[in-house]
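These are my notebook entries on a structure I consulted today. I set down what I looked up, entry by entry.

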Amino acid sequence: MPILSLHEVTKAFGGLVAVNRATFSVEPGSIHGLIGPNGAGKTTLFSLITGFYRPTMGRVELDGEDITRLSTSARARKGLVRTFQGTVLFSDLTVEENIANGMLAESSSPWTDWLFESPASRSSRQERAAAIMDYARLSDLRNVGAKDLSHGQQRVLGIAIALAAKPRLLLLDEPFTGMTASEKNRLAEMLRRIREDGATIVLVEHDMRTVMRLCDVITVLNFGSVLTEGTPEQVRRHPEVMAAYLGSAA
Amino acid sequence: MQFLVETVLNSAMASASTALVVVGLALIFGVMRIENFAHGELYMVGAYATWLFGTSFGAGYWVGFAAAILVTAVLGAAIEILLLRRLRNNPMGALIVTIGVLLILQTGAAWFFGINSNLLVDAPVSGVLSLGGFNMPWHRIVVIAAAVLILTALTVILRTTKFGWALRAVAQDKDAANLQGISIGRISMSAMALSAALAGAAGSLMAPIVRISPFMGQPVIITAFIVIILGGIGSMEGAIVAAVIYSTFFTFVSVYFDTTIANVAGLCLMLAVLIVKPSGLMGKAQKV
Amino acid sequence: MIELRNLSVHYGRAIAVNDVSLSFPSGTVNCIIGSNGAGKSTILRTISGLVRPSSGQIVFEGEPIQNLTPKQIVERGIAHVPEGRHVFPELTVEENLKIGAYLRADAAAVKRDFDAICGAFPRLAERRKQFANTLSGGEQQMLAIGRAIMAAPRLVLMDEPSMGLSPVMVATMGDIIRSINAEGRSVLLVEQNANVALSLSEDAAVLEQGRISLAGKAALMKDDEHVRVAYIGV
Amino acid sequence: MTTTLAIAACAVPFVAGDYYTSFATEIAITVLMLSSYRIVVLTGEWSFAHVVLQGAGAYTAAIMVKDHGASFPISLVAGSIVAAAIAAVLSMPLLKMRGFYFLMGTFAAAEAIRLLWRKFTYFGGTRGFSGISAPYFDFGGVQIDFGRSANYYFLTLAVVAACLVLLWRLERSRLGKVWKTIEQQDVLAQSVGIDTRRYRRIAFVIAAAFAGIAGVLLAYAFGSVTPNRFSLNFALYLMIWAIVGGTRTFFGVIVGGIVLMAFDESLRFAEQLRPGVYGVILILVMLFWPQGLERLIGWTGLYGRGVSKAAPVSSEGGA
Amino acid sequence: MSRINLHLTRRQALVGAVATTSALAMPSVLRAANKIVKVGALAPLTGDLALWGIPAKNGAEVWANQVNKTGGINVKGERYDVQVVSFDGAYVAEKTLQGARAFVDQDVKYTMVIGGDDWSALQDFSNRNKMLTSTLYVSDLNPTSKYLLAPVEVHPFYFGLGVEYLRKVEPNLKTAALCAQDDITGRTSLAYWRAGFDAHGFEIVSDAYFDNSTTDFAPIVSSMLQAKPDTVCIDTTYPSVALLLVEQLFTQGYKGRILHAGLELLPDMVARTSKEFMEGSIAFFPRFDDPNINASANGFSDAAGFYKQFEKQFPKQWNNTSWEFPGCLEVWKQGVETAGTFEPDDLLASLKANPPKHIFGAARWWGKELFGIDNALVGNWPIVAVKNGSVEIVEIGDQAAWFEAHKAIVEKRFREEKLMPDQKR
């Protein structure tokens, strides 16, 4: 069963149809690319999947369960966690505090934790934060303010925060934008590891080189609709994709 | 029947004066994204200016009216240039500053004109329109007519002049307006002057009808905020529609029940609208 | 002629444009291409005065303009068609166009330009009394361009005019850009859609992560492997 | 710092007369109001309802004392619970709104409640309640009459201090972190699974519980509860104190409240001109220290760094 | 212009006030031989209600000057100058209570409040500190407040006399409409008016309160007139609100009688309506510029001179509170001089034993039946009527006697409004 599936998802703003009957699904354990030229509706689709928008029509399912009506936070608690374009972080806090904030939604702890956190739960959370920092190679920067990080480090921190929320399906919104080549390589490596550790990744990205290298399946959007879907090789060869990207010569 | 007609006319006058106040408030919110708490005090200044120039100097009501508009417009522009301009990126700071202005104006009025609030402004058109048992002072009709006239003129200015387009452009998209060579500072100043002048005009028109006191702006600003929320913040059409709805509702409830119930009912009306439509009657659900 | 000399722009600590030097001749269409986030829009926003550069110079017709206000820059003859059009949604088409001529005092000339634009964009002329937010994407793009032309600029900055447009509409946009150029106005395009941009342009530059990675004649660049790789990774 | 403040607070009745003791009591109650108000502000919203929720506590205390002869501790608990309960009910419609809509929504709800107090004689109508007798404790021979201003001051101080400790803990607890998370990055908070509306509600209700306590303290301190005491003016002043003090740090609002109230009191020589002078001071503070007094005093270094705040990318409610 | 003149004098007044305050701050300023006794005006000096507080405080200061000029207060042969201390209670409980504490710290012997909200915080405090206080709201009186007196205006007790008089002179009037502002004064007033109308055979056809924030009174008046009343009573309302109501009554074609306690702005009312319209309206306060005022207000030493002095010092600021605080002081002065002490218990006992003269003549302590305590000084009260555009005293009535005669009705009406002592919250 696909971990995420969209059925005829449509979103109209007034008369403008930003996403038109988008239907596709994401297999568990894959890295799924979502690409398309500027204005193709990627960001809107992203917001529809994460619940920032409600679709005008259609259905979004997570593990076969209809989540179309759920709020963003409820989806996140079910394991569908997103990152943001640009650097949306708790910029006044340190790296470690940022990651700790990603764990705040956990509701398993007893209510006394709200006032006095038990040492056990504190240390277990600290351990997890340390593990995530290790994973994201941010350990050395744990006490650095988020706004003092380099751009690439900030992007990684954004993903680390999302990881702290224990995602099963991680949606990344253009994570590679503005990164240097070596940063890109390191991030790609990290995403592969995340996948190996059992999470599924949906990637909206402009950097085609990275997408082609990293993704198992790619869905191409144009004018709000799914243009085609396939392996990187299939997509690369698809004539319409080329046209959509480079534009038909005027 | 006669009672009903009178109440309808009284509602119309309340709507007219409220609309004048509220449109100014909506305008300034649209352009500057500031909730001007001192707007009611500009209304108060309008009334006092009318008394000072029209009655005390004996120049007649209409001179007082013109003076009220002038004084409030200058005051509004000064508030923008001296204070709000420096707090353009600090809405909470700007809000506190408007409260500071409110306190200064109230205190100033009490100091210069006394606390007894027994200043009287005579209506320009005295007498009463009597039609088969129903009586309506002419000045109330003057208020309605003047408000309609001012609001029409405002609409014409906003729709047909370059200044009007620039003002609306700034309200809709600051960056794009900037790219057209529109100076945000100058438009903000003019918008503030215009907004203040509208409040001043309302205060001046109401001066012969209400009690002129340093605190006369308070109930007015509260009503105005209720109305502006009801109509949707920043929407001038919404503000006018909401002014009519609210004032009519309020007037009818206050004659058939009493004013305290009317206040409660008015507040509940606003809450009810907000629950159904959290961005007011004509407000746009703000996009991301 | 517009020239950027060692231009750098920061947003906070992040660098968006990194030591860019470029020069484009006047009277032609030129372009800067590059993928999303490369810093293209920032360059245009810096030229039109919305963003202050952290260092470097912008020289237009021989004079440095990097310290002028947006208003002064419009007065110098530079108009900017922003990314995503940014038409005024609740102004009518006519008002949108006329506000483009906000700084012009000569009513007769403004009227002439207005009529000319109505002639050039019959679809806008038909909808002149409608609010701009009722227009389609392509129409809004035309409106944004028309609004810029109303300022009687000598240089038009265009940020992704093809974005979100259908292929037919993109072709129309190409024609429009050519005709603007034919009136003697320079055009500086910023595009992701490389094919369109390159086919319209005289000179071109490729921007990657805030730096110029390639610059030269557009015609030569069209078949350049580097461009294709930068875009599609093929 | 805290110690200095505590010692200064305890010394008031010994070094100053009844007048200053009474004023210090008022300040202490206001400090509790501000510190609890800050919880709502922590979630990124400004409310006009807080003062009326304080009123709910005060009215509860008045009714408990007058009709049921309740003792001070019982009133304290009851006032707190009633205020929290009212807040819980109000929060259902109100928290759908954001920004200025929320502000005015809270005003409407609060003002409606206040007008009902005026309207119904059960609540004493326009006159309200008077003659609420001060607490009197008798611990097996040791009698304390809290009608004496110094005694009541210490009682207030004890209650307020206890509440402040709780609030301080609360801010450092997970709940507090969640609130700050919401205030700083609403959308990011949602995306990691924090139900922002729910936590806003919790903040609103908890803040109301403390406001209720402040209300009970007020009712006993002045022996009377009148509907005028909870009008918009007082809500505005609360907001002014909070903004002028600065809401980023625990002490910001407290400093704002103490400094501005002291200022207001010291302006008595200006008599009728006092509000105007106060207005001038507000404007000057906002023009020269727009981030609030806390920045001026520089306690910011204690915790919480900087003010820069990334622009929100998207939000569920708008406004 | 008179305005500019006014402005200057106000400034002088402020300077004077500041000087007084600083004099207070310094413990012993060198003064003439007379000792000083302090009295306190604890009233709202800022905000909307400064309308009552400022003229009251100013009146007290004028009175003090007059008294000091004529030798001050004589306590067992020792002469004391009266010094007025004021505190802005802002009509808020905590500020008022702080003011009271400041007064106690400064050894103030007699405190005057407007009453209502500002008294309610003082109740317990005044008992503990034996703070002798006067209020203008008789409804503040209650059995537990031993040290609170209502020595001047026993508002609204004269209303009954007014209705009685109206019934006598115009026996044909049948119906009455009432309105008042929705606060404790308004409610107490209307309860008493209703009792008056009940007692003298009027039918109440319209009866409403309006919120203090009301700005336009046309809807209220049209809803009153819908019931076609012969008599309209607009108590209690601010003077300027009364003016607006009267104007509306006129424009909406009302022809009957108007009743209002003060009719303070009568000249303006006449200007905005007509002499004929106002003719026969009934009120209860003679004007202090009346040539016969010294005869009618014979419990007030030289009322005419006081009024003249006030107008000189504070032009155009006169309202009824301007003489009511002085009225409170007059009663106190008599009490102090008779008792020969400032000590509150002895003074109170002496006051009770020898009821002082009240502004309009002889009086007695009364109030137990309605307020549970005999702390209201009740005497005769004038009824004034508008004759040719100004008020004239037409009758002097006995307030207590009227009440005795109609006790049951008053109690019923008070009970409806929950004003009886056992109903107070």
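**Entry 1: the domain interface in chain A**

I began with polar contacts and found 5 residue pairs in polar contact across the interface of domain 1 of chain A and domain 2 of chain A, both residues of each pair being at pLDDT 80 or more. I note that the model is predicted. I then searched the interface of domain 1 of chain A and domain 2 of chain A for salt bridges, and the rule gave 0.

I asked which elements of chain A each supply at least two residues of the side of domain 1 that touches domain 2. I found strand S7 (169–173) and helix H6 (181–196). I recorded H6(A) as giving the most to this side of domain 1 of chain A, with 6 residues.

**Entry 2: extent of the two domains**

I looked up the division of chain A: domain 1 comprises 1–79 + 167–250, and domain 2 comprises 92–164. I read 26 Å between the C-alpha centres of domain 1 of chain A and domain 2 of chain A. For contacts, I found 16 residues of domain 1 of chain A meeting 12 residues of domain 2 of chain A.

I took the buried area between domain 1 of chain A and domain 2 of chain A as about 1300 Å², with 65% of it from carbon and sulfur atoms. I listed A:Pro167, A:Met190 and A:Arg193 as the residues of domain 1 of chain A that lose the most area to domain 2, together 34% of what that side buries.

**Entry 3: annotated spans in chains D and E**

I consulted UniProt for chain D, where an unreviewed entry lists "transmembrane region" for several spans, among them residues 152–170 and 275–293. I found residues 152–170 of chain D to be 100% helix and 0% strand, with the end C-alpha atoms 26 Å apart. I found residues 275–293 of chain D to be 79% helix and 0% strand, with the end C-alpha atoms 20 Å apart.

I read 43% helix and 20% strand for residues 37–388 of chain E, with 45 Å between the end C-alpha atoms.

**Entry 4: chain E and chains A and C**

I asked how far apart the closest C-alpha atoms of chain A and chain E lie. The value is 34 Å, and no contact joins chain A and chain E. I also checked chain C against chain E: these chains do not touch, and their nearest C-alpha atoms are 36 Å apart.

Note on methods: Residues are numbered from 1 along each chain as its sequence is written. Chains are lettered from A and ligands numbered from 1 in the order in which they are written. This is a predicted model: local features need pLDDT of at least 70, side-chain atom pairs count only at pLDDT 80 or more; totals for chains, interfaces and linings use all residues. Side-chain values use heavy atoms; hydrogens and water are left out. UniProt positions are given in the numbering used here, feature names are shortened, and annotations may be inferred rather than shown by experiment. Helices (H or I, at least four residues) and strands (E, at least two) are DSSP runs, numbered from the N terminus. Domain bounds come from an automatic or database domain assignment. Contact means heavy atoms within 4.5 Å. Buried area is the accessible area (1.4 Å probe) that two parts lose on being put together, summed over both. A salt bridge is a side-chain nitrogen of Lys or Arg within 4 Å of a carboxyl oxygen of Asp or Glu. A polar contact is a pair of N or O atoms within 3.5 Å; within protein, one must be able to donate a hydrogen and the other to accept it, and residues adjacent in sequence count only if both atoms are side-chain atoms.
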